Amino acid sequence: MSLEVEIAFTLNGRAVSAAVPATASALTVLRERFDLAGAKLVCGEGECGACTIIVDGLSRNSCLMPAVDLAGRTVRTVEGLWGERGLDPVQQAFVDTGAVQCGYCTAGMVMQIRHALDRNPAAGEAELRRAIEGNVCRCTGYAKVIEAALAAGQRMRGGGAP
Amino acid sequence: MPLAQELKPLEIDAYVDAVSLDAAVRALADGAGTPVAGGTDLWIQKDLGKRAYGRRLVNIRRVAALGGIAEEGGRIRIGALATMTEILESPLLLRAAPVLPATADRFASVQIRNAATVGGNIANASPAADMVLPLLCLDAEVELARWHENRIDRRRLPLAAFFAGPGKTRALPGELITAVSFDRPAAGSFGAFQKSGPRPALEIARVALCIAGRREGRRLTSVRIAAGAVAPTPIRCPRTEAEIEGVALDDAAIARALESLGREIAPIDDVRGSAWYRRHLAAAFLEEELGRVARS
């Protein structure tokens, strides 16, 4: 029986707490303790980005993040992107451009693109392509994903739908 | 080196969330602690039994004294907790030692750069550790601290002397990397980092090479060359450096340098590439960099 550690943090705008195994990943805790299944376990090695979450404003592979280190942090998962005004601009752009096939990589892609656009809403194609270097899609290639990211950036800059 | 302990998955029976250097080194003092910061190496390795882990997990991520990138008295100090993203974006490093941000730019992915620390890249002691190469070229020292006789005992060690083998360092039991530091490079210095993998991102280097120095026409002075994934540890190549130092670079001089490099590296065959291919890559990288100077 592995040691459990009591942690408290802010999850999608809510104060939460949990006792988590000391060797658990943030991904396991988000999925199993908080029923947030948006972030996915695929490679478990930080190679694919399907588990991407945003911690204190920085995107992270939640599969490689010690759950105990969530303590005191502000965590955003794909479930937290949904706001009063409906879908986040990145989510809406994925819907509009059809940037989803099997969907397994989508939550990670959306979070990573949101992170890139938060840091630079004017990010162009080259910058966005580099931003998702750590996100693997095995279905479609990346053309529609980048199309969606560019559309989302335009929307976030107030340019309306392209 | 014989294995002192059986290698087992990480098992934890105590957790310390250290908030000061004092608390961190005390928690590690008996050698039974496993420090964690970014987790990008440890959380992959923990289930594989790659190391002899201590059963007390010590989270050093919030130790403010271990962070920051700053210059004092002509010496640049990068705290052990500085992430690859912080190195990539540091205005000081972009100005004073741009080879470090250039290397960070080739390091893994955004998500991993946001987590991985320079202290972790050094402590993990991979023969293919990217960030170690430019630091070796900057003659960096690694700063260490441990709790000893009721006080914090600090020492500095040349980074080049810190590695003992794959995954092995010369840190004492309970000793923590606190920073890496180096003299600010003279104005007009240059540095270049080259790395091979099938794609730009998320590659563990098949071969990486870093060269630094000062350019004076077709000559290089204060030449530093470091290579990764070509020996049991990241290495400097002093004989190749000497071969190049101050010499007007032409085809013959470059050929001599490549021959010397071939004698200084000792790559192996593994899943990422053959020894033959690694030799080819290392030579190609050096040839490209020296050719750039020769043609200038």
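The model is predicted. Its largest nonpolar core holds 141 residues, and 25 residues of chain B are in contact with 25 residues of chain A.

**Nonpolar core**

- Among the 141 residues of the largest nonpolar core, those with the most contacts inside it are Ile113(A), Ala24(B), Val180(B), Leu209(B), Cys210(B), Ala227(B) and Ala282(B).
- Helix α3 of chain A (residues 106–119) supplies the largest share of this core, 7 residues.
- Val180(B) is in contact with Ile78(B), Val118(B), Ile122(B), Leu135(B), Ala140(B), Val142(B), Glu143(B) and Leu159(B), leaving aside its neighbours within four places in sequence.

**Where chain B touches chain A**

- The contact involves 25 residues of chain B and 25 residues of chain A.
- On the chain B side, the elements giving two or more residues are β1 (14–17), α2 (42–45), β3 (56–59) and α6 (110–113).
- That side of chain B is made up of 14 nonpolar, 6 polar and 5 charged residues.

**Domains of chain A**

- Chain A is divided into domain 1, residues 4–80, and domain 2, residues 89–156.
- Taken over C-alpha atoms, the centres of these two domains of chain A are 21 Å apart.
- In chain A, 14 residues of domain 1 are in contact with 11 residues of domain 2.
- Strand β3 of chain A (residues 52–55) gives the most to the side of domain 1 that touches domain 2, with 3 residues.
- This side of domain 1 of chain A has 8 nonpolar, 4 polar and 2 charged residues.

Terms used. Residues numbered from 1 in each chain as written. Chains lettered and ligands numbered in written order. Predicted model: local features only at pLDDT ≥ 70, side-chain atom pairs only at ≥ 80, totals over all residues. Core = buried A, V, L, I, M, F, W, Y, C linked by C-beta atoms within 7 Å. Buried ≥ 20, exposed ≤ 12 C-beta atoms within 10 Å, placed from the backbone. Helix = DSSP H or I, 4+ residues; strand = E, 2+ residues; numbered from the N terminus. Contact = placed C-beta atoms within 7 Å. Nonpolar A, V, L, I, M, F, W, Y, C, P; charged D, E, K, R; others polar. Domains from an automatic or database assignment.
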